[in-house]
Amino acid sequence: MIEHRNGILIAVALMVGVPAITLLATLHQMFGTGGDGPIRASAVQAPPAPAPAAKPAPQAPAAASPASPASPAAAAAAAPAAATPAGAATPAAAAPVPGRSAQDFSASRPAWEGYLQGADPALGKQLAASGKPAAGVQACVACHGQAGITPTGGIFPNLAGLTPEYIAKQLADFRQGTRKQALMNTVAQGLSEQEIGQLAAYYGSLAGPPLHVGETGGEAARKLDQIGDGARALPACANCHGLRGLGEGPLLPRLAGQSKEYFADQINAFRNGSRQNDDVGVMRAFAQRLTDSEVEALGQYYAGSR
């Protein structure tokens, strides 16, 4: 019985004593002298500032003696001192390079956005009607109509109904040559940034042409507009250009009311790469997947019965 009691006491002592000893050893390791414990703020001292270097007292130069020429070692030691003018400040240590700030990650804004700031539509209307003959810029109304609606269709787009942002971007692209069309490249290069903003503000304020979307073009065009073709990775045109081509967002243009000739001309420009100012090449990719008959049907669908 006594031996059994002693065995129990030994077992209890081991169960309590071993963890206690381990805990004490850990605390000593963390907070005792010479341990790798946590760094306490009170123990961290700022490094002392370096003392300014004392200026050496000026010494009279030793007279050169023909019999005792200066040794090469002495001449080398004197060279650095002679290179620094007396009283000149020693070069300061390079300032530390600052880290990144929140502004380093701000999204860049396109330059054409600034063209629209304070743009006067009334001045844009005057410019559209008269042009700038001295700069080789003909009147916009000659191709785009008196109210931004081309009376005869053809490959000239209707500007009425487009957003100011879209028009400003396209004129900026024509000006920089990222969108190529010989006549429009010449016109845009003859316009100032302020004049581009004025024209964009004017045409962006005009209502688009009467709509007859969907009256022609057939079921194939309606399906491409509203559903797309998943087997060819063609999303619905309405995803970007709005249902029935009414536009979606400032930079996704309205297709409704454009002539079928202009629509086909631009799709073919995306196809052959002569137009490359689409965002990440999406229109160039989609245009490659459309058949000629689908391009014609879509052109008729968005133009309506005009």
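This is a predicted model: local features need pLDDT of at least 70, side-chain atom pairs count only at pLDDT 80 or more; totals for chains, interfaces and linings use all residues.
Which residues in α11 meet which residues in α12? I looked that pair up first.

Residues are numbered from 1 along each chain as its sequence is written, and side-chain values use heavy atoms, with hydrogens and water left out.

**α11 and α12.** I found Ile267, Phe270 and Arg271 of α11 meeting Met283, Arg284, Ala287 and Gln288 of α12 (contact means heavy atoms within 4.5 Å). By class I get four nonpolar, one polar and two charged residues (Ala, Val, Leu, Ile, Met, Phe, Trp, Tyr, Cys and Pro are nonpolar, Asp, Glu, Lys and Arg charged, the others, Gly among them, polar). The axes of α11 (residues 260-272) and α12 (residues 282-289) come within 8 Å and cross at roughly 100°, so I put the two down as roughly perpendicular (65 to 115 degrees).

**α6 and α7.** Here the axes of α6 (residues 164-176) and α7 (residues 182-189) come within 7 Å, crossing at roughly 95°. I call α6 and α7 roughly perpendicular. Leu171, Phe174 and Arg175 of α6 touch Met184, Asn185, Ala188 and Gln189 of α7. I sorted the residues of this contact into four nonpolar, two polar and one charged.

**Glutamine 198.** I located glutamine 198 in helix α8 (residues 193-203). Glutamine 198 is buried, at 10% relative accessible area (buried is under 20%, with a 1.4 Å probe and protein chains only). Neighbours within four places in sequence aside, glutamine 198 contacts Ala119, Asp120, Pro121, Leu123 and Gly124.

Notes:
Helices (H or I, at least four residues) and strands (E, at least two) are DSSP runs, numbered from the N terminus. Buried means under 20% relative accessible area, exposed over 50%, partly exposed in between (1.4 Å probe, protein chains only). Axes are lines fitted to C-alpha atoms, for helices over the stretch in contact, and angles run from 0 to 180 degrees between N-to-C directions. Angles under 35 degrees count as roughly parallel, over 145 as roughly antiparallel, 65 to 115 as roughly perpendicular and the rest as oblique.
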